[in-house]
Amino acid sequence: MFRNLYPDIYVDSAYGIDYESLYADGYRGLIFDIDNTLVHHGAPADERAKALFNRLKNIGFKCCLISNNDEARVKMFNDSVHVTYTCKAHKPRPEGYLKAMELMGTDKETTIFIGDQIFTDIWGANNAGIPSIMVKYIYWKEEIQIFFKRWLEFFVLRFYRFYRRRHPSEARGAFFSKNICSN
């Protein structure tokens, strides 16, 4: 019923993913949402985010930030992590994801998306045809329209968990059958 809204996997945090295993499996590009995926909504990159992007670059990944926010917000975060980005992406439309892959020089088979919202992030990745990892949002206090979407997400995630228990082999990408979360 909601399959186009389901992530390929759902984990606690973007900071607990085993990125080395993803790289070993042939993935080369990572597209990240920013707000409530990497930092609190509207916050600049903190030390943990800076360390993560340094680690990802050392592994060999190309990274791109994708956001529905304006350039000032995305640039504020990116000034500390120095990756490519695209703003005003109009998620869940696929164009922003496709642009991110173009900026990184990757394709649908070598790219993964990581974000915290079903109705923008995950739905958009599914529309673009790339695997997605959904993370638990960092902080509960958000803009009112996001707060209401979280209630709807609760129900979609209930269906997702039930569906994955009954269809564990339907996740896309070889790494989804492995334990890629180290938390």
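In this predicted model, strand 2 (residues 29-32) runs alongside strand 3 (residues 62-66), and the two pair in the parallel sense over 4 bridges. One spot to look for is Ile 31, whose bridge partner in strand 3 is Cys 64. Packed on the sheet is helix 3 (residues 71-81), which touches strand 3 and strand 4 and points at about 165 degrees to the direction of strand 4. Helix 5 (residues 118-128) packs on the sheet too, touching strand 5 (111-115) and strand 6 (132-135), with its direction at about 165 degrees to that of strand 6.

Stepping back to the whole sheet, 6 strands line up in the order 1-6-5-2-3-4, giving an open sheet with parallel pairing. Strand 1 (9-11) and strand 4 (84-86) sit at the edges, each pairing on one side only. From one strand to the next, the twist averages 25 degrees.

As for the chain overall, there are 6 helices and 6 strands, and reading from the N terminus the elements go β-α-β-α-β-α-β-α-β-α-β-α. The chain has 183 residues, 49% of them buried. Among contacts with a separation of 6 or more, 71% join residues 24 or more positions apart. The chain exposes about 9100 Å², with carbon and sulfur atoms supplying 55% of that area.

How confident is the prediction? The average pLDDT for the chain is 86, and 77% of the residues score at least 70. Residues 173-178 are another matter: pLDDT stays under 50 there, and the model has 16 contacts beyond four places in sequence for this stretch. Where pLDDT is low, the predicted coordinates should not be read in detail.

Note on methods. Residues are numbered from 1 along each chain as its sequence is written. This is a predicted model: local features need pLDDT of at least 70, side-chain atom pairs count only at pLDDT 80 or more; totals for chains, interfaces and linings use all residues. Side-chain values use heavy atoms; hydrogens and water are left out. pLDDT is the predictor's confidence in each residue, from 0 to 100. Contact means heavy atoms within 4.5 Å. Two strands pair if DSSP finds at least two bridges between them. Axes are lines fitted to C-alpha atoms, for helices over the stretch in contact, and angles run from 0 to 180 degrees between N-to-C directions. Buried means under 20% relative accessible area, exposed over 50%, partly exposed in between (1.4 Å probe, protein chains only). Accessible areas come from the Shrake-Rupley method with a 1.4 Å probe; for residues, only the protein chains shown count as cover.
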